[in-house]
Every structure is written in structure tokens, then in C-alpha cells.
Amino acid sequence: MNKHIKKVAVIGSGIMGSGIACHFANIGVEVLLLDIVPRELDEKEKSKGLTLNDKAVRNRLVNNSLVAALKSKPSPIYHQKFAQRISTGNLEDDISKVSEVDWIIEVVVERLDIKKTVFENLEKHRTPGTLITSNTSGIPIKFMSDGRSDDFQRHFCGTHFFNPARYLKLFEIIPGPKTDPEVLDFLNVYGEQFLGKTSVIAKDTPAFIGNRVGIFSIQSLFHMVKELGMTVEEVDKLSGPVIGRPKSATFRTVDVVGLDTLVHVANGLYENCSDDEKHELFKLPDFISTMMENKWLGSKTGQGFYKKIKGKGGKSEILTLDLDTMDYRSKKSAKFATLELTKTIDKVVDRFNILVGGKDKAGEFYRKSFAALFAYVSHRIPEITDELYKIDDAMRAGFGWEHGPFQIWDAVGLKQGLAIMKDEGQEPAPWINEMIEAGVDSFYTIQEGAAYFYDIPSKSTAKIPGQDAFIILDNIRTSNEVFKNSGCIIEDLGDGILNIEFQSKMNTIGGDVLAGLNKAIDIAEKDFQGLVVGNQAPNFSVGANIGMIFMMAVEQEYDEINMAIKLFQDTTMRLRYSSIPTVVAPHGMCLGGGCELALHADKVVAAAESYMGLVEFGVGVIPGGGGSKEFALRAADTFKKNDVELNVLQEYFLTIGMAKVSTSAYEAYDLGILQKGKDIVVVNKDRQIATAKAHAKLMAEAGYTQPVRRKDVKVLGKQALGMFLVGTDAMEASHYISEHDHKIANKLAYVMAGGDLSEPTLVSEQYLLDIEREAFLSLCTERKTLERIQHMLKTGKPLRN
């Protein structure tokens, strides 16, 4: 199907509908957002003398919903100006406009009768050939298209986004009885390539794939908590980041999503899955029924499993629900010997064997929960899908699991998993034993850099489709390794392009990473055509290794600090001034030193979800790896386009001084971190390394020439320095900043003004780097700076002292 999506209509403007509308606007699509007409005036409208015929009244619901969505945190939109791509209307005055769109998405209340009425009305105005889909989370697709035309039914299916639509990657596509296979193929590709999703084609079964397995997992824990005599805190401790799940773990996640939402899906599964071998598990435990009666639904009602109150002295305190007494109490710490054994294991996948082998309550918890999960997902094939990898894809993309059920089972070991299941009284599906009889001992294998899965019908392995557009570093790390040290790995991406992947904790940048970057450039200049700096960890880099700086400062090893900062500066300058093109591929957190690397690349290929900023002020210093210099240079380059030079320089100064961080890659353009016409944004992070490689190759083939070092950076000297110093004095006098903030700001001012030169002067980058390094080093001697670094190392949060 050769189709181009230029405009979509979203029917229903609730949280989900507005979120979907915003995400289409994120990717540049024009959106028509429609909702019902209010049946009565509100008090504000009455006071203005409006009537039910006024457009402002008729569009009140849709407009209020969209405004609320755009104000919500986290934001559903990459950049507020993208909201201009959304136009609003109502289902009476504006329904005819759906004839102009390429795709209609229904997101109204989860009632079949209402949905069928909406589809009947839409069909009167829909242009034949227009895609029409429902975002239902569980109503059978086959019922919704009953009575509609043949063209409608051929172009109709379910497209289930997960909330929030911008952040959760799962995009379930559910065919109806007559859906054209070309429509499914188109949506599968569009979801991945344009919407940045993990597209999963599911069967038309209750709750589809993600919610079927996800709700089972939560319900399983709900029933287990009483059986094992566990507290809410203990379950959340064991079911969170330690096993690669979100920080909100189980009970906090339910509070955020809303207990009523979970109960709605669980009740639906209980009513519609009578043949499910775990049917009774979808019955609500007594404590859930009590919470529903009390309307303890979570964040939306102010209390759920957790409750935030004002304690003594007005200080906030979070209480926890005691599931035995059903009273709230102070939080209790949760500690387990088994978890202590995993503290030195950075990779989650390497922890599972230790966790299931634990001798304490934690070990028992993991054996019971994983045994139940393994058994359940094995029995869902072929009911909800024919391919096991789709279950793993759905759980990772829809519920934020780092590893899906079958991947966890592989980590534990197929036979070990079966032994645990036997001990816990869980039975696997027959195909598991057939798999063992066929001599296959894992669900996944890597062959020649590609991932293969166990295909049940053929009883052999098959290549997971769709991965040719990606470069998955996990699959090539061992076979394509060129160099390795304790901080990084250099891999051959093919076609003459190298990649350097950080391997340090949180991808912090220390001596080994800097040595690796220089080594990568050396190798690339000698034997390759280009270099990508990218990884597929949760975050690109949280910055320099401040622990190392702290230790050297405490020991007053200032020469060593000077050398370390000089090495960092020299490395970022090598990224810019090497004989091969360099491409940095940031995603997630790209802060401090990580941001400085991006600032110095020939090109940045940023994931849309990139949170970039120079945040060094938070630890009491200025950017010292070339970031302060670079902002002075970029301000100077902007002078040529803007007559008000001081104002331009001030904007760049404030970006560092206020430690501004973009909430998306698109906001990073506004902060001067990304540059229009040079850097690009990709919506699907899975495509990022492949895209970065393609751009490095393109630059090399176009005849890349090593740039000449800049000696023409215009700095304003005393003119700018005086302005900055007056401003920082006033800020401290007004108690907006502390004495130490004042000192840091003045150091930054000195660098960005180019020192106290008597008149505007053209200087070299090296001149600016030298005064940047001098300023950084002087701040490292300050007691207040050491206090800030120590506080950041202990708490992960900045200190204002």
C-alpha cells in the first residue's frame, strides 16, 4: 500500500485522544481533533451571556481537553509550537471534515454501543479508502465493524496506543475479520518508522497482548502479596529497577495509572476469558475491592497504595497502605539479602539467576512470580499470538520492562526455569517440551548479528522480521569488536564506519572513556571512513565522572585535575577536528560532559526523547570540557545575524547559568545545543545508530575534509563582562542566588566575555579553552563546590549552598 499520511482525525479528546493527537503533531502530521457538543452551559459561559449555539461553547470540551493535555507533565508534545498543527472541532459542525483526512482514529469511551454509533456517523462522511481504526483497549474488533460497508471493513482495525502516547512505545495492531492485509502491513511499518513505536500485530482476543500479560502479572502479585505476607514496599522493591522494571514498580504504577483502570481490564478478562487456565486469578482480592469501595484509586483521588500528607512542620510525608489492617502507616524500609548479592552486577540480565536462587523471602518471591509468568505466557501461544517474540516486544514497549518473559526465562535457563515451575506447581504448555525434544535450549539466538526466535510450528529458529532497518549493538558487540577497555567498546558497524559505545556506570565519562574516544578516532583515521558515538543504554551519558574530580580535589591534586580537564577538552576538539566525520547519537539523558561531546560533533543524530543540557552549575563548576567555549563561539556566530550582541550572549549565558535541560531534542534547538540545518532528530530510537551510520558514510563519500581550527571567535570583553557582573550582583543582593552561585556565574561570565579585554576582539578557540579550564580549576578549590559534588554523589540531586 503506497499511502502517505498528511492529515489524521482523532475522534475523542480525553487524555488518550489528546495524547494521540499531540503525538501525530509531534511527527509533523496535521490533526483534526473532534469531540461531542456540550448539552448545557457552564457558569463561566452563563456569566458571559453565551448560548449553546456559540462556537466557543460547542467546542468547549475539545478545547479544554487539549489545553489540559498541553499543560500536563510530562508534556505530550515535543515542542509547544507543534500544537499549532492541531485544529479542533465538534462531531456535529465539523464531522464532514473527516472526508479530507487520510486516517480516522476513534478514541471515545469504552462502550460498544457508543463506538458503533460514532462509526455509523463517520461512515456518512468518510472518503472510501481512508484508514479507520479504534484505540480500544479490549472491545473485540469484530463487533465494532458489524453493519459497516465492505470498504469500511477492509480499511478498519484496532490500533491500540498505550498511555501516555508520546512515551510508551507499544502500538498494537488488531485485525478485524475483513481487514485488508495491506492495511496491516502499512500500519505495522508506519507505527515503527514514523510514530517511533514498536508495532505488534496481535490477535483479536481480550485485552490483546500487552494488557493480557501485564494485568496477569499484576494480579498474580496482588494474590501473592498476602500468601507470602509481604508489604507494599517489599513488593515494589523487588519488582522495580532491580529486575529492569520502572521505578514505580507494581503498586506505585497502579496508583499512577488508576486502580479503576486496572480493575476495569481485570474484570473484562474475568468475564471474557472463561477458558483461561488462570481464570480465577483475575478475580479481585478483598483488599482491592475495599479500595474500590473507598475510592482509593491512586493519584487521581489523592490516595491509593500510597498517600501523600503534610507531616510535622508542613513537611510532606508519604504513607503506605497496610494491606492487613487497611490503614495508612509510615513507610517501612525493605531489605533483602538476595538483593545485596546483585549490587555489584550492573547488567539486569545477569541478575536473574541469582535472584531465583535466593534463600530468603525475596528468592521465594522471584521463584513464584517467574514460575507463574513463564507458565502463563507459554499457554498464551497460539491464543494471543503465534510468535513468542511479540509477547516480549509488547511487555518491553508497553510496560517498560527491560526484558520480556521469554528473555527472562532464557536468562534463568530453559531447564532451570522448568525445574522452578515444577517446584511451584506450574505446568508449561506442551510446545515447551516439544522444543526441548527438538534439541532447542533457548528461545532466542544471535546468528551473524541478527536475532532469531524459536518458531513453534516449524520447531526451528526463524529470523525476527523487521530488524534489517536497525543496528542492534547487543547483537554485534562480540563479533564486531575492534577495541575494548573498562569504559568502552569500539565496534565495526560495516561500510567503513566505527561506533564507540560507553560501558561505564550511567555512561559517565572518565579516563577510560576519553582514552577510548581518542583510540576510536586513531583507528578510524587509519583504517575507516567515519565514527559514530552512540549506545543503546537507557541514557547516552549523565556527564563526567564527578566522583573522580571530587577525590582529586579532596586530595588537592590540582595538577591532575588540570590534566584531566585538558584531556577532556582535547578529546572534544578531536571530535571536531579529525580527518574523518564524527556523528554523536544522544538519547535519554545527555548531560554535562555528554552534552559537550554532542556540541563538538560534525553532526548530531538525536533521538526525539533526548534531554540535553549543560548542568555543571548544579555541582558548583562551569562546563569544562569545551562547553563554555562552545557557547561563546555559537553566540559569536549568531552575532552576524543579530545586531544586539549582548542580548544574544546573555541568552547563551543563561542557558548554562540556569542549567537548562531540554525536554525533547526539538527543545534543544531552542537552547542552542542542536543546530538547525546540521543536526537531525529521529523519532524511533531503534533506528538511531543505523541513521547515524548512514550520515557518517554520506559525509565521507561526499569528500569530508578536516576543518581548520577557528581563530575568528568574536568576544566582547569588558563590555559583556560588566553587564554580567552587574546582573549577578543584583541577583545575589535580591537573594535569587547564593554567594557561591554568584562566584560560579562570575567565572562563567569571564569565560564567555573572553576575559576582561578592553574591546571586542577576535580570539582562537584555544584561548577560550584555556580560560575555561582555568575557571573550572579555580572552582574545584572551593569548599562549597566540594559540598555540592559530595551531595550530588550521595543523593543524585543538586545542592544550592
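Colleague: Which residues does Ser-18 touch, not counting residues up to four places away in sequence?

Modeller: In this predicted model, Ser-18 belongs to helix H1. Residues up to four places away in sequence are set aside here, and the contacts of Ser-18 that remain are Gly-12, Ser-13, Leu-33, Ser-65, Leu-66 and Ala-69.

Colleague: Is Ser-18 buried or exposed?

Modeller: The term buried applies under 20% relative accessible area. The relative accessible area of Ser-18 is 0%, so this residue of the predicted model is classed as buried.

Colleague: Which residue of E6 stands opposite Ser-134?

Modeller: Strand E5 comprises residues 131–134 and strand E6 residues 156–161, and the two pair in the parallel sense over three bridges. Opposite Ser-134, the residue in E6 is Gly-158.

Colleague: Which residues have the most contacts inside the largest nonpolar core?

Modeller: This core has 118 residues. Its largest share, seven residues, comes from helix H22 (residues 511–527). Another core, of 113 residues, lies apart from it and includes Met-395 and Ile-420. Within the largest core, the residues with the most contacts are Ile-20, Phe-24, Trp-103 and Val-533.

Colleague: Are H16 and H19 roughly parallel or roughly perpendicular to each other?

Modeller: The axes of H16 (residues 361–379) and H19 (residues 414–423) come within 9 Å and cross at roughly 105°. Angles of 65 to 115 degrees count as roughly perpendicular. The pair is therefore described as roughly perpendicular.

Colleague: Which residues of H19 make the contact with H16?

Modeller: From H16, the contact involves Arg-367, Ala-371, Phe-374 and Ala-375. By class, the contact has five nonpolar, one polar and one charged residues. From H19, the residues involved are Gly-417, Ile-420 and Met-421.

Colleague: Which residue takes a positive phi in the hairpin of E9 and E10?

Modeller: Strands E9 (residues 306–310) and E10 (residues 316–321) run antiparallel and are joined by five bridges, with Ile-309 bridged to Glu-317. Five residues lie between the strands of this hairpin. The residue with a positive phi, near 70°, is Gly-313.

Colleague: Which residue of E11 stands opposite Leu-321?

Modeller: E10 also pairs with E11 (residues 328–330), in the antiparallel sense and over three bridges. In their hairpin, which has six residues between the strands, Met-326 takes a positive phi near 60°. The residue opposite Leu-321 is Tyr-328.

Colleague: What separates the C-alpha atoms of Phe-550 and Arg-800?

Modeller: Phe-550 lies in helix H23 (residues 546–554) and, at 14% relative accessibility, counts as buried. Its contacts beyond four places in sequence are Leu-786, Ile-789, Gln-790 and Leu-793. Phe-550 and Arg-800 are 250 residues apart along the chain, and their C-alpha atoms are separated by 17 Å.

Terms used:
Residues numbered from 1 in each chain as written. Predicted model: local features only at pLDDT ≥ 70, side-chain atom pairs only at ≥ 80, totals over all residues. Heavy atoms only, no water. Pairing = 2+ DSSP bridges. Helix = DSSP H or I, 4+ residues; strand = E, 2+ residues; numbered from the N terminus. Buried < 20%, exposed > 50% of the residue type's maximum accessible area, 1.4 Å probe, protein only. Contact = heavy atoms within 4.5 Å. Core = buried A, V, L, I, M, F, W, Y, C linked by side-chain atoms within 4.5 Å. Axes fitted to C-alpha atoms, helices over the stretch in contact; angles between N-to-C directions. Parallel < 35°, antiparallel > 145°, perpendicular 65-115°, else oblique. Nonpolar A, V, L, I, M, F, W, Y, C, P; charged D, E, K, R; others polar.
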